[in-house]
Amino acid sequence: MKRVAVGTVERADIKELRTRFGDAIRGVELDAARDPVVYIDASRSVEILSYLRGSQGYDMLKDVTGLDLGGGRPIQVVYQLWSTEQARPLRIKAEVPADRPKLGSVFGVWRASNWLEREVYDMFGVSFEGHPDLRRILMPENYEEGYPLRKDFPLRGRFTRAEQTRRALAMGLEDVYSLQELAVVEGGAGDGGRAVEAEADLSGVTAGAVKPGSAEQQEMAGLATRHMILNIGPQHPATHGVLRLVVELDGETIVKCTPHIGYLHSGFEKLGEYREWNQNIPLTDRMDYLAPMMYNIGYALAVEKLLGLEVTPRCKVIRLICCELNRILSHLIWIGTTALDIGAFTPFLYTFQERERIYNLHEAYAGARMTTSVSRIGGMMADVPPGWLDAVRDFVETFPQTLLETERLLTENSIWIGRTQGVGVIGPEDAINVGACGPNLRASGVPYDVRRERPYLDYETYDFDIPVGRYGDTYDRYLVRMEEMRQSLRILEQALERVPDGPINVDDPRVILPPKSQVMNSIDGMIAHFKLVMEGLKVPAGEVWYSIESSKGELGFYLVADGGPKPVRCRYRTPSFINMSTLPYLVEGELIADIIAVNASIDIVLGEIDR
Amino acid sequence: MANREKSNVGAERRHVETEIPRNWIVTRLDDLISWARRGSLWPMPFGTACCAIEMMATAASKYDMARYGMERLAYTPRQADVLIVAGRVPYKIAPVMRRIWDQMPQPKWCISMGACASTGGVFDNYTMVQGIDTVVPVDVYVPGCPPRPEGLLYALLMIQEKIKGESIADLRSREEDPERAGKPHLPAEEVELIAGPFGNSTFQNRVSGLESSSPILRPGDRKE
Ligand code: SF4
C-alpha cells in the first residue's frame, strides 16, 4: 500500500482535521474505492474521534476492527465512520504496538462501539481503556490459546484437538450459570457505573441483587423484594439460534438484559485469510443462510472494487434480481418466525410455502436450495437457465396474494397490535448512536439505505421507495419490512423488463476461466486456464470498504490484499451483530414477555452475529 | 423368502382379525414396544446454523415430518427421544450439547445433520468441534451441506428402522455410566485421529499475511 503524502486529498474535513491536530494526523491515503483513510496518533485517538463526531457530523460508527499484518508490525485499529448529513465516509486508523496494544475506548462517543471494541479485544488483544465491560465476546471467557486473528495464531488453534475438546467440556456450566456469576457478568447497555453498583450490591447479599434505595424502604415496610435473574438460552426455541440472554427482573419488568453471543463462532474471518479470493464465496453464504445470494454478490462486488473491475450489464441485472429475491426470502422467514414467537402459527406455514418457491428458483439456478454460492469474481457461476426469468416473473405476479393474506392475518389483528405497538421503542438519534441498521434504523425514522446513499448495481436507476417508520417500535419494524417486500417486487418488475442480452461474465482471462472450447483448442486459452487454476486470482495490494444493503442492514466488507492469491484480512461487518448489540436499549423497562417479541423484531441470524 | 413373509403377514392378520372381537392380541413384547417407540418419536431440535433452517423446513408445510410420528418437537430434553444436531457446533456450545444429551432419558438416539455436525465441514479451524461424535454418540449421520429435508426425513426413518431391531432385554446399548456425563465421548487418541487435518486442509498453515510456513503433517505436530 502506498501512502499518499498528506494534503493530496482535497476534502475540507480532512484539511480541517490536519490544521486542527497537526502532527497527530500521521498520513492520508486513498483506498481502492477512492475513499480517504486517515492515520492518526493512537494516543490522541479519542480526542480526534470525538471531534469528528461532535464538530464534523460523523454520527454513525459503522465498524471498529483490527488489522494485523504480521511480523511484529503494529496492529492497526480501523474505525469506519459515516456522516448521515454529508453522506460521506471516513476511515480512521490508529496503530498500536503488537506487544502491548492499548487504545482509548470511544464508548462515550458512540454506543455502537461497545461490542465492536470487545470483538477487537477478543480477536486481537487490543485493550480499550475506559471501556465499561471489556471481556471476550466470541470466544469463551476462559479461552487460553491467544488472540485468533493475530497472524501468529495458527488456524487450528494452539492446543491439540483432544485438549480443546477436553477443555471445552470441562468448562463447568454451573460456574457460569450460578446466580452470583450471572449478576457479576455485567455489560450490555449498562454504563460502567451501573456494573460496579450491581457488583457492590451482591457482596452483601447471597441470593440475588437488591435494588438500592427502594429495597431499604421496602424492607422497613416488611416487603423486601429481590431482583430475579433469568437465563434464556443458549438453546431456546425463541432465541433464533444459540443466543443466550441474561435478564435481571424486578417482578416482570426488565431491569437489565445482557446478551451473550459467540456460541456459533465459526472463524469465518480467519478462514478467509487461508482461502483464495474465489474460494471465500462458499463461506459467505454460510454466514447469513437466510439471504445467501446477497452475501455472495456483496463479496464479489467488494473484490471487484479492489480489482477495479466492472461487470457486464447483464450480470448487474441478474445480480440485482438475486438480491431482491433474497430480501423477500429473508423477510419471509422473519415474519414467519416472529409471528410464531408471538403466538401465531399460520403465518409461519404461509411464509414457508412461499419460501419453498424461492428455494425452487435457487435450486434451478445454483443447484442448491440454500447454500447457493452463486457469484464469482467478475460474474456469476453461470448464466441463468432457460425459463428461469419467466419463473421469477411468475413469482413476482403471484406473490402479492400471499403477502396480502399474511398482512390480513397480522396487520389489524388486535393481539398482534397489542404485543407490538409501543414495545421496544427507540428514537432516531439513539438508533444511530447505538448502531441500529437496516429496517430497524428505518423504522425509527432514519431514511438510511445503502441502495440510496452509495448505490451499487445501478440501484439509482430503479424507481423505488424507502419505507420509514414513525414510532420506532416493534410494529413499525414489522410494517417497514412488509413494505420493503412490496418495494422489492417493484424493483424486480423493473429489472425483469430490462434484462439485457450479452455475456454474463467479464471477458478477462486474469479473472474468469476461459470457456472449455478455448482451453482445449488454443494455447492461449490453456495457459490462461492453467495460470488461474494454479496461481489463483491475484488481487493488487490495497484495501477497500464496500457495503451493500442486505435484508438485515448494512453489510460491509473490509478487504485487504497484498497482491497475492489470498486476502490478508477479510472483515465482514455483519448487520445482525450490531443490531443485536442494540437489544438491551430496546428492552430495558419492558416486560419479560416483550423480550421475545423485541428480540424477534430486530431480525437476527446467529450465523452472521458470531461469524 | 418374499412369499413366506407374505403368507406370514396374512396369517398374522387373520389371527388379529379373529382375536380382536375378544379384545386381545398376541404379539412379542419387543415388537409392541418398538412399534410404540418408533411411532411416537419426539425429536429434540438442537439447531445452530444453516442446517437448522432446513430442519425447520422439514417441520413446516411442504415436508411435514409429523407424518411419521414426530408430531411434537420437544423443546425440552427431558421429554425427547431423538437429538437432532443440525449445524455447526463450536467448542463454546459443546458442553451445552453434551448437557442436553445427558439430560435426555433413555432410550435416546442422536442424528448428526450436515457436514459440520458430522465432521466440522469446511470449518477446520480453532473454534469448531471436528465431528460431534467426539462429544456424544451418534446413530445416524446425514451428509450434505445442508442436507435436503428429504435427507433428514430419511435419517428419521433409519432411526425407526434401528428401533425395530432393538430388544428391551438387551440393555447393553442403553446402559449409562453417570461418571461419563459431561465427558468427551471418545478417548483423546481417537479424537486426535479423527479430528486431525487431512487432505487439502493440511496445507493451510499460513502463518502471516505475507508468507506461508510448512504444512502440519501429523496431528501430534501441534502439541505444545
Ligand atoms: S453443513 Fe453446511 S449447511 Fe449445515 S451448518 Fe454446516 S455449513 Fe451450514
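Predicted model: local features only at pLDDT ≥ 70, side-chain atom pairs only at ≥ 80, totals over all residues.
Local features need pLDDT of at least 70 and side-chain atom pairs count only at pLDDT 80 or more, while totals for chains, interfaces and linings use all residues. Residues are numbered from 1 along each chain as its sequence is written, chains are lettered from A in the order in which they are written, and side-chain values use heavy atoms, without hydrogens and water.

**View 1. A nonpolar surface patch in chain A.** Here A:Leu513, A:Phe530, A:Val533 and A:Met534 make a patch of about 410 Å² (residues with over 30% relative accessible area and no salt bridge, nonpolar side chains joined within 5 Å; a salt bridge is a Lys or Arg side-chain nitrogen within 4 Å of an Asp or Glu carboxyl oxygen). Look for A:Phe530 in helix H21, residues 523–535 (a DSSP run of H or I, at least four residues). A:Phe530 counts as exposed because its relative accessibility is 52% (exposed means over 50%, with a 1.4 Å probe and protein chains only).

**View 2. The largest cavity, lined by residues of chains A and B.** Its volume is about 70 Å³ (on a 1 Å grid, a cavity is a set of points where a 1.4 Å probe fits but cannot get out; lining residues have an atom within 4 Å of a point). Among the lining residues are A:Arg286, A:Thr371, B:Cys50 and B:Phe123. Helices H3 (50–59) and H5 (114–119) of chain B each supply at least two lining residues.

**View 3. The second largest pocket.** This pocket holds about 570 Å³ of space (a pocket is an open set with protein on both sides within 12 Å along at least five of seven lines). Of its 24 lining residues, A:Val511, A:Ile512, A:Leu513, A:Pro514 and A:Leu532 are the closest to its centre.

Conventions:
Patch = residues over 30% accessible without salt bridge, like charges linked within 9 Å, V, L, I, M, F, W, Y side chains within 5 Å. Areas by Shrake-Rupley, 256 points an atom, 1.4 Å probe, with all protein chains shown as cover. Buried < 20%, exposed > 50% of the residue type's maximum accessible area, 1.4 Å probe, protein only. Points joined across faces, edges and corners; volume = space filled by probe spheres on them.
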